[in-house]
Amino acid sequence: MSRAALLVLADGRFPAGGHAHSGGAEPAVTQGRVRTADDLAAFCRGRLHTTGLTAAALAAAAAHGLDPLALDEAADARTPSPALRATARKLGRQMMRAARATWPSPGLDALALARPRGAHQPVVLGLTARAAGLGPEDAAYCVAYETVSGPATAVVRLLSLDPFQATAVLARLAPELDQVAARAAEAARHGIDALPAASAPLLDITAEAHAAWPVRLFAS
């Protein structure tokens, strides 16, 4: 297992397209629900323990070797918002391009062939982790961190929030990131039916509204 590979995969500069997405932070800022570092912490915590846990478990299951096509269907079932399903597949397609260039593998090739329009990003990330020699918990950590770091970065741009404060929010969430990654990896060991299906209905609702905005800074 290569910890260096984990750093590469979790690096925000890995060209997987995440920089163009706010993870729901843009509509939250526009609606006044996120204005301060404390608001950001609450937003990230809620996202981490709901959609973040679900996505981390899907990634862990893919890294564990479960059927990626079945996992992609499970991801669809756990994503009620059409806008978020489209976003997840768009990000999955971009992740696939970067992954196949970085860690070529038959598993990635097979999924790309079966899902030419893109599989859900957590499933692709899990397969990427497996191709890189990483384990289920590593994949879960990548997704859990992405769940909170994406909105934190977006809020810095949207509100001109002090980046030191945003980084402090992420640091204080570290113990909860550990918990979510461990729960996700443990669930993956028990099969697809045991994977969590936690949701955040407000994120689904605002994603649909955000997708219709004529002017926006982020794609989602």
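Predicted model: local features only at pLDDT ≥ 70, side-chain atom pairs only at ≥ 80, totals over all residues.
Arg189 sits in the loop that runs between helix H10 (174–188) and helix H11 (201–211). A search of the whole structure finds seven salt bridges, while the disulfide count comes to zero.

- Arg189 counts as partly exposed, at 48% relative accessibility.
- Between Arg189 and Ala57 there are 9.7 Å in space, C-alpha to C-alpha, although the two are 132 residues apart in sequence.

**Salt bridges**
- Side chains of opposite charge can pair when their charged atoms come close.
- Arg45 and Glu176 meet through their side chains in a salt bridge of 3.0 Å, N to O. This pair links distant parts of the chain, with Arg45 in helix H3 (residues 37–64) and Glu176 in helix H10, 131 residues apart.
- Within that pair, Arg45 is partly exposed with a relative accessible area of 35%, whereas Glu176 counts as buried at 16% relative accessibility.
- Asp76 forms a salt bridge with Arg89, and their closest N and O atoms are 3.1 Å apart. Asp76 belongs to helix H4 (residues 68–77) and Arg89 to helix H5, so the bridge ties together parts that are 13 residues apart in sequence.
- Asp76 counts as partly exposed at 30% relative accessibility, but Arg89 is buried with a relative accessible area of 18%.
- Asp109 bridges to Arg100, with the closest N and O atoms 2.9 Å apart. Shared partners also join salt bridges of Asp72, Asp76, Arg89 and Arg115 into one network.

**The second largest pocket and Thr87**
- The volume of the second largest pocket is about 190 Å³.
- Its lining includes His21, Thr87, Arg89, Arg115 and Ala219. By type, the lining residues of this second largest pocket divide into three nonpolar, three polar and five charged.
- Thr87 lies in helix H5 (residues 82–102) and is buried, with a relative accessible area of 15%.
- Leaving aside residues up to four places away in sequence, Thr87 touches His21 and Ser220.

**Cysteines**
- A disulfide is a covalent bond between the sulfur atoms of two cysteines.
- Cys44 counts as buried at 0% relative accessibility, and Cys142 counts as buried at 5%.

Conventions
Residues numbered from 1 in each chain as written. Heavy atoms only, no water. Helix = DSSP H or I, 4+ residues; strand = E, 2+ residues; numbered from the N terminus. Buried < 20%, exposed > 50% of the residue type's maximum accessible area, 1.4 Å probe, protein only. Contact = heavy atoms within 4.5 Å. 1 Å grid on protein atoms, 1.4 Å probe; cavity = no way out; pocket = protein on both sides within 12 Å on 5 of 7 lines; lining within 4 Å. Points joined across faces, edges and corners; volume = space filled by probe spheres on them. Nonpolar A, V, L, I, M, F, W, Y, C, P; charged D, E, K, R; others polar. Disulfide = S-S within 2.5 Å. Salt bridge = Lys/Arg side-chain N within 4 Å of Asp/Glu carboxyl O.
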